[in-house]
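Dear colleague,

Please find below the structure I am handing over to you, followed by a summary of the findings.

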Amino acid sequence: MTHARKRASRRGHPGAVVVAGRRPVAVALRAGLATEVLVSRTARTTEGLRELLAEAERGGIAVARDGASEIERLAGDTTHQGVVARTTPPRELGEADLAQRDWPSDAIVLALDGVTDPHNLGAAARTADAAG
């Protein structure tokens with residue numbers, strides 16, 4: 001489960017959401033939600049990791065090298081690939097927020113709540129795509 005997120009319990013970061021894995025961390029960086037990136041000291045330096053670190057640098061996001069045990073603790077049972085990020089949770093949208101948006105006439109809006117399994121999210125996306 002690479003895209004799972006959970007509340008961080010480390011002191012000094014109350015309410016932070018931890019995103020684990022290189023792709024999820026890259027997405028958090030691009031979305032402007034990452035506040036800190038932690039990389040395992042034992043992580044292999046690949047082109048993907050170099051790009052991720054460059055993205056963090058461009059965004060002015062702190063990058064820290066940490067021990068594998070700390071990365072494992074923060075990631076929990078999520079596959080982390082040696083990288084996690086602390087993020088601020090995105091602003092929650094309610095029904096009124098969605099109703100105020102200027103949607104194209106052919107838009108299909110799929111509102112999900114509480115999805116924790118990326119396979120379920122993928123199934124929902126494929127169903128929405130098939131709907132039109």
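The accessible surface of the protein chain (Shrake-Rupley method, 1.4 Å probe; for residues, only the protein chains shown count as cover) amounts to about 8,800 Å², and carbon and sulfur atoms hold 49% of it. This is a predicted model, in which local features need pLDDT of at least 70 and side-chain atom pairs count only at pLDDT 80 or more, whereas totals for chains, interfaces and linings use all residues. Residues are numbered from 1 along each chain as its sequence is written, and side-chain values use heavy atoms, with hydrogens and water left out.

The chain contains five helices and five strands (DSSP runs of H or I, at least four residues, and of E, at least two, numbered from the N terminus). Their pattern along the sequence is β-β-α-β-α-β-α-β-α-α.

Of the 132 residues, 30% are buried (under 20% relative accessible area; exposed is over 50%, partly exposed in between; 1.4 Å probe, protein chains only).

Leu110 lies in the loop between helix H4 (95-100) and helix H5 (118-131). Leu110 counts as partly exposed because its relative accessibility is 45%.

Kind regards
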